[in-house]
Amino acid sequence: MKRYTITVNGNAYDVTVDEADGSAAPVAASAPKKAAPAKKVAAPAGAQGNAQVNCPMNGTIVDVKVKVGDKVTNGTVIAVLEAMKMENDIVSDRDGVVASINVSKGDSVETGALVATLNA
């Protein structure tokens with residue numbers, strides 16, 4: 001028997017496979033356990049801005065349009081979020097300078113997650 005951990009839709013399952021007759025067949029599966037959250041790269045200490053740009057809904061970051069130090073205005077696209085098979089722009093709600101980017105392409109984010117900070 002071999003044990004595997006398989007992740008499906010963010011749920012991790014411990015699976016035991018029996019290989020006695022040469023073919024692999026699932027024998028037992030445990031209840032799902034929460035998979036480890038995706039790693040977030042935090043801004044260096046003291047680099048956080050005084051205004052936050054938060055994620056409006058759950059989804060996956062498919063692109064980050066700005067970098068630290070960029071000047072942005074009200075409505076500037078900070079990142080692109082894929083949710084429910086649609087791409088949604090996450091925009092700045094004020095003028096300022098990007099102080100930190102708190103997400104990366106491919107990150108799964110939840111509603112309210114910090115996307116970036118600005119010095120407004």
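Ground rule for pairing: I call two strands paired if DSSP finds at least two bridges between them. Strands are DSSP runs of E with at least two residues, helices are runs of H or I with at least four, and both are numbered from the N terminus.

**Entry 1: what I am looking at.** This is a predicted model, where local features need pLDDT of at least 70, side-chain atom pairs count only at pLDDT 80 or more, and totals for chains, interfaces and linings use all residues. Residues are numbered from 1 along each chain as its sequence is written, and side-chain values use heavy atoms, with hydrogens and water left out.

I checked confidence before anything else. pLDDT is the predictor's confidence in each residue, from 0 to 100. The protein has a mean of 81, and 76% of its residues reach 70 or more. I marked residues 38–46, where pLDDT stays under 50. The model has 10 contacts beyond four places in sequence for that stretch, contact being heavy atoms within 4.5 Å.

**Entry 2: overall make-up.** I counted 0 helices and 12 strands. For burial I use relative accessible area: buried is under 20%, exposed is over 50%, and partly exposed is in between (1.4 Å probe, protein chains only). Buried residues are 29% of the 120 in the protein. Among contacts between residues at least 6 apart in sequence, 50% join residues at least 24 apart.

I then took the pairs in turn. β6 (residues 59–64) pairs with β8 over 4 bridges, antiparallel, and Ile61 stands opposite Leu81 in β8. On to β9 (residues 86–91): 6 bridges join this strand to β8, again antiparallel, with Met86 as the bridge partner of Ala83. β8 and β9 make a hairpin with 2 residues between them, and Met84 in the turn has a positive phi of about 55 degrees. β6 and β11 share 2 bridges, antiparallel, and Gly59 faces Val109 there.

How enclosed is β8? Of its 7 residues (77–83), 5 are buried, so the strand is largely enclosed by the rest of the structure.

**Entry 3: the other open sheet I looked up.** The order here is β5-β12-β10-β7, 4 strands, antiparallel. β5 (51–54) and β7 (71–72) sit at the edges with a single partner strand each, so one side of each has no neighbour in the sheet. β5 meets β12 (residues 114–119) over 4 antiparallel bridges, with Val53 opposite Ala116.

Entry 4: β1 (residues 2–8) and β2 (residues 11–18) pair antiparallel over 7 bridges, and Val8 stands opposite Asn11. Between them are 2 residues, and Asn9 in this turn has a positive phi of about 50 degrees.

I also found a nonpolar surface patch of Tyr4, Ile6 and Val8, with about 260 Å² of accessible area together. Patches take residues with over 30% relative accessible area and no salt bridge, joining like charges within 9 Å and nonpolar side chains (Val, Leu, Ile, Met, Phe, Trp, Tyr) within 5 Å. Tyr4 is in β1 and is partly exposed at 40%.

**Entry 5: charges.** How many salt bridges does a search of the whole structure find? It finds 3, a salt bridge being a side-chain nitrogen of Lys or Arg within 4 Å of a carboxyl oxygen of Asp or Glu.

- Lys65 with Asp63, 3.1 Å N to O; Lys65 is partly exposed at 48%, as is Asp63 at 28%.
- Lys67 with Asp70, 3.3 Å N to O; Lys67 is exposed at 54%.
- Arg94 with Asp93, 3.1 Å N to O; Arg94 is partly exposed at 36%, and so is Asp93 at 46%.

**Entry 6: Asp95.** Asp95 lies in the loop between β9 and β10 (96–101), partly exposed at 48%. Leaving aside neighbours within four places, Asp95 contacts Val72, Thr73, Asn74 and Ala120. The C-alpha atoms of Asp95 and Ala120 are 6.0 Å apart, with 25 residues separating the two along the chain.

Terms used
Accessible areas come from the Shrake-Rupley method with a 1.4 Å probe; for residues, only the protein chains shown count as cover.
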